[in-house]
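Please read them with the sequence and coordinates at hand.

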Amino acid sequence: MAGNTLELKRISASAAPPPGIRETPVLAKYIDTTTCIGCKACEVACQQWNDLPPETTVQIGTYQTMPDMTANFWNLIRFSEYEDEGGFHWFMRKDQCMHCGDPGCLKACPAPGAIVQYVNGIVDFQQDQCIGCGYCMAGCPFNIPKLSSKTKTVYKCTLCVDRVAVGLEPACIKACPTGCLQFGTKAQLLEIAAKRVGQLREGGFKEAGIYDPPGVGGTSVVTVLAHADRPEIYGLPANPSIPLAVSFWKAPLKWLGNIAMIGGIVGTAIHYLRYGAKHAEGHTEGPAERPPESRAS
Amino acid sequence: MILRYTLKERIVHWVAGFVYVYLLLTGLAFYTPKLYWLAVALGGGTTSREWHPWAGLVFVAATVFMYRMWAADMRITDADREWSRAIGRYVRNEDAHLPPVGRYNAGQKYFFWLMFLGGALLLISGVAMWFTASIPWSLRWLRHAAVLVHVSAGLATIGGFIIHVYMGTAVVRGGFTSIVRGEVSEEWARTHHRMWKR
């Protein structure tokens with residue numbers, strides 16, 4: 001967590017408008033799954049730069065370091081084996097926070113300022129404001145936020161906001177030996193991606209394409225897939241969006257609830273003014289029956 | 001005077017009542033950023049987040065006690081259905097034109113069942129939210145459903161709670177005293193619960 005107040009575009013659970021007045025281009029990571037060699041240099045660089053405690057690797061029958069990211073491990077190369085009429089495929093995809101344009105984690109978060117989005121597209125968790133409720137884990141369509149059992153707060157890729165803020169590229173990109181990872185403005189990277197997709201299509205991958213799902217407002221991760229028609233085989237959701245439960249709760253249900261609660265209070269007040277209390281038979285209470293002397297002094 | 005609520009009944013009621021108010025305030029803090037100050041006032045967001053589920057378990061325990069004490073009295077009868085149809089008269093304080101009621105009127109019974117069922121839903125969804133991180137990604141619909149069920153059931157109980165507090169303190173005079181000191185006057189019992197002590 002680091003960053004500049006002038007570049008805050010969205011702040012979780014905040015009634016005040018975010019103070020970001022600076023206009024910067026949206027930045028992104030470029031991930032070309034077709035040139036990734038699965039060396040895991042990005043995993044190491046992420047651990048090293050962020051100075052994260054080492055995680056024990058778990059053998060799951062592939063070259064994958066462990067089954068899933070953890071609170072201490074934010075960058076995971078996912079290996080998947082896939083067979084179709086075209087033969088046997090071996091996919092490697094660098095998995096981490098997608099830095100959504102419309103982040104479901106931020107929308108679901110009830111703690112003011114625990115999740116922020118910068119003008120440059122980086123979505124960052126501020127652990128000192130996080131209350132560890134886990135709502136972001138319900139709001140994220142990519143299964144990214146991970147709760148630390150030690151600190152009871154949530155962690156994920158920061159897109160190296162601390163490096164980016166001083167003009168450096170993220171650690172994972174710095175470490176990549178093949179150039180399958182690149183960093184730049186999203187517009188630049190989409191151009192590079194389009195060029196690469198063209199090459200792939202010429203090379204016979206007719207379904208090659210860019211993964212930049214519109215359902216979450218696009219992502220600050222531009223992924224090139226040889227089989228963009230089937231992102232699921234890479235472990236990516238086909239049409240990710242903020243879960244309906246979260247968007248329904250945060251808009252219509254919340255308004256309905258607010259109206260019902262305020263209506264309940266106002267309604268009972270009006271009822272009392274109109275009908276007043278029910279008195280038991282023979283009950284003597286109220287100003288009319290009260291002897292005059294009790295009102296004096 | 002007539003004993004309406006035993007000491008045990010009163011203790012259980014007030015445990016549930018105070019814990020519910022705590023759950024309500026912290027829950028509202030997480031419901032909307034405009035009320036997050038409630039969590040701050042109650043010891044901070046992290047403390048509120050930490051205690052809310054434990055308080056929920058206390059509420060559930062109290063609800064189980066209330067179920068065991070009162071479920072038999074809370075059975076909805078034909079007389080209750082008749083009373084419900086004429087609820088407009090009750091709202092307008094024209095009680096004399098209503099069918100006589102026993103220990104609880106239909107409104108109280110429906111409130112009891114609302115809190116009981118709401119409590120059950122809040123418990124199930126709350127446990128799922130407590131351990132969201134342990135719900136596997138393949139069952140993520142559970143994470144989503146839990147969020148939605150918890151807020152919906154919470155709002156439903158708030159509706160009941162507003163009416164319960166209003167009726168018990170402002171409208172039915174003597175009701176509040178009865179759940180504090182346990183006793184009501186004979187006139188009170190005859191007026192509000194004619195069939196109760198017969």
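1. In this predicted model, chain A holds an open sheet of 3 strands, arranged in the order β1-β5-β6 with antiparallel pairing. The edge positions of chain A are taken by β1 (8-11) and β6 (123-125), and because each has a single partner strand, one side of each is left without a neighbour in the sheet. On average, and with direction ignored, neighbouring strands of this sheet are turned by 25 degrees against each other.

2. Within that sheet, β5 of chain A, which covers residues 115-118, pairs with β6(A) in the antiparallel sense over 3 bridges.

3. Of the contacts in chain B between residues at least 6 apart in sequence, 68% join residues at least 24 apart.

4. The contact between the chains takes 38 residues from chain A and 39 residues from chain B. On the chain B side, α3 (45-70), α7 (140-171) and α9 (186-192) each supply at least two residues, and α7(B) gives the most, with 15 residues. By residue type, the side of chain B that touches chain A divides into 19 nonpolar, 12 polar and 8 charged residues.

Key:
Residues are numbered from 1 along each chain as its sequence is written. Chains are lettered from A and ligands numbered from 1 in the order in which they are written. This is a predicted model: local features need pLDDT of at least 70, side-chain atom pairs count only at pLDDT 80 or more; totals for chains, interfaces and linings use all residues. Two strands pair if DSSP finds at least two bridges between them. Helices (H or I, at least four residues) and strands (E, at least two) are DSSP runs, numbered from the N terminus. Axes are lines fitted to C-alpha atoms, for helices over the stretch in contact, and angles run from 0 to 180 degrees between N-to-C directions. Two residues are in contact if their C-beta atoms, placed from the backbone, lie within 7 Å. Ala, Val, Leu, Ile, Met, Phe, Trp, Tyr, Cys and Pro count as nonpolar, Asp, Glu, Lys and Arg as charged, and the others, Gly among them, as polar.
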